[in-house]
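Here are some notes to go with the structure, as a colleague might jot them down. Have it open while you read.

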Amino acid sequence: MTDEANAARSLLDQLLIDSHLYKHSQAYKNLLDFVVKLRNFAPFNAMLLQLQKPGLSYAASAHDWKTRFDRWPREGARPLLILWPFGPVALVYDIQDTEGKDIPPGIASFFARGSISKEQIESYPSILWRKRIEWLPVDAGDRNAGLIRVVSRGRTPSEHSHYRIQINRNHDPPIKFATLAHELGHLFLGHLGPDKALGVSDRPRMSHSQRELEAESLAYLVCARNGVSCKSEQYLSDYVSQHTTIDDIDLYHVMHAAGQIETLLGLTGHTVRETDEKFRCREMTTGALRSTIGWQDLKLDHDFYEVETLPENDRVRYTISPTARKEVLRRLLALNHDRAKAEQAAAVAIPKTKRSSKRKTPQSAAGLYTDSTEVVELD
């Protein structure tokens, strides 16, 4: 875990301890329900907003309020802080702290998504495999939804391990999605062990019931935020009725892992829409360069990837895939070799001039650079 992540984790833990929040099971369930409602924020940021202003119904950046709803923050309105991947923090405002045009009805569910379709499910195996997570459909009975296991560990900490998720192929798409969220929850919550390449930290061993409570909490968040009703909701409701306190839940990891899974599956909604435009511009630029060179056959597969040449604590970038990057380097190397051969062939074709036997007299300092000599200035 990076220094910044440790600092955020320590700050959050202290805040929860000082406020005595979410120690009771019902309060914990209410927090999860709140995070579900704020679908336009990552789960971790939704929790931060609840901590800063309990009862918040909807929030957005000043840019979003203006461009999407023609509203703006009131004078003297107190902004709320969220963490932002392209800077330390971003500022957002509660709906009650804005003014302007009337608010559209049902704004709290503005970012709701419909049920997961068959086409979405069919797109996930290739997305998962980019992170060496294998999707294996199995023919099983209704009571067997799926499981995840480690196939092989990476040879180095930065190398991806190989995981395999079994998904019951006889289930409908919503059930497959809920199963996927639950099993990925075990992975990103560290229940299968640490994985530096995936950003999964090393955690103490937990009992089976603790692991299931965390995984069900995460599955509930990811499913409910994306319009899928799943058995996790009933599981949590039963837990609340049978337990009065929550002592063994790690809120930081549950929220953080839920955000990682939403990002991996392409389910994230950005609060500041300029980010989407930057990504689209980057894809258009690299695509135009590819066409100019004549490499239209090269698949770029833009997404978030770890770039090994960057500092260890800041490696994730929106860029072309590692496979595409290696292919670009291979083709550029071939072009360089072809160009070098062409230059050598051209040099051989030029006849050599005979050297004069007379020794040249040294030039004076003032005459070192003649009109035919190019002088290059270095900044």
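1. Let's start with a helix: which residues in H3 are buried? They are Pro-43, Phe-44, Asn-45, Ala-46, Met-47, Leu-48, Leu-49, Gln-50 and Leu-51. With H3 running over residues 43-52, that makes nine of its ten residues buried, and the helix is mostly covered. Keep in mind that this is a predicted model.

2. Now the wider view. The chain has 379 residues, and 40% of them are buried. You'll find eleven helices and ten strands in it. If you take the contacts with a separation of 6 or more, 67% are between residues 24 or more positions apart.

3. Why are Trp-65 and Phe-69 separated by about one helical turn? Because they are four residues apart in helix H4 (residues 62-69). In general, an α-helix has 3.6 residues a turn, so residues three or four places apart point the same way. Trp-65 and Phe-69 are both buried.

4. Helix H9 has another residue to look at, Gln-260. Is Gln-260 buried or exposed? Its relative accessible area is 16%, so it is buried; the cut-off is under 20%. A polar atom of the Gln-260 side chain lies 3.3 Å from the backbone oxygen of Leu-198. Setting aside residues up to four places away in sequence, Gln-260 touches Phe-188, Leu-198 and Gly-199.

5. You'll find it in the loop between strand E7 (146-152) and strand E8 (162-168). Its relative accessibility is 6%, so Ser-161 counts as buried. What does Ser-161 contact, leaving aside its neighbours within four places in sequence? The partners are Lys-131, Arg-132, Ser-152, Arg-153, Gly-154 and Asp-195. With Gly-154, the backbone nitrogen lies 3.0 Å from a polar atom of the Ser-161 side chain. Ser-161 and Ala-197 are 36 residues apart in sequence, while their C-alpha atoms are 8.0 Å apart in space.

6. Last, turn to the surface. Which residues form the nonpolar patch there? Ile-293, Leu-329, Leu-332 and Leu-335 do, and together they have about 350 Å² of accessible area. Helix H11 (residues 322-349) gives the most to the patch, with three residues. Leu-329 is found in H11. At 53% relative accessibility, Leu-329 counts as exposed, because the cut-off for exposed is over 50%.

Conventions:
Residues are numbered from 1 along each chain as its sequence is written. This is a predicted model: local features need pLDDT of at least 70, side-chain atom pairs count only at pLDDT 80 or more; totals for chains, interfaces and linings use all residues. Side-chain values use heavy atoms; hydrogens and water are left out. Buried means under 20% relative accessible area, exposed over 50%, partly exposed in between (1.4 Å probe, protein chains only). Helices (H or I, at least four residues) and strands (E, at least two) are DSSP runs, numbered from the N terminus. Patches are made of residues with over 30% relative accessible area and no salt bridge: like charges are joined within 9 Å, nonpolar side chains (Val, Leu, Ile, Met, Phe, Trp, Tyr) within 5 Å. Accessible areas come from the Shrake-Rupley method with a 1.4 Å probe; for residues, only the protein chains shown count as cover. A salt bridge is a side-chain nitrogen of Lys or Arg within 4 Å of a carboxyl oxygen of Asp or Glu. A polar contact is a pair of N or O atoms within 3.5 Å; within protein, one must be able to donate a hydrogen and the other to accept it, and residues adjacent in sequence count only if both atoms are side-chain atoms. Contact means heavy atoms within 4.5 Å.
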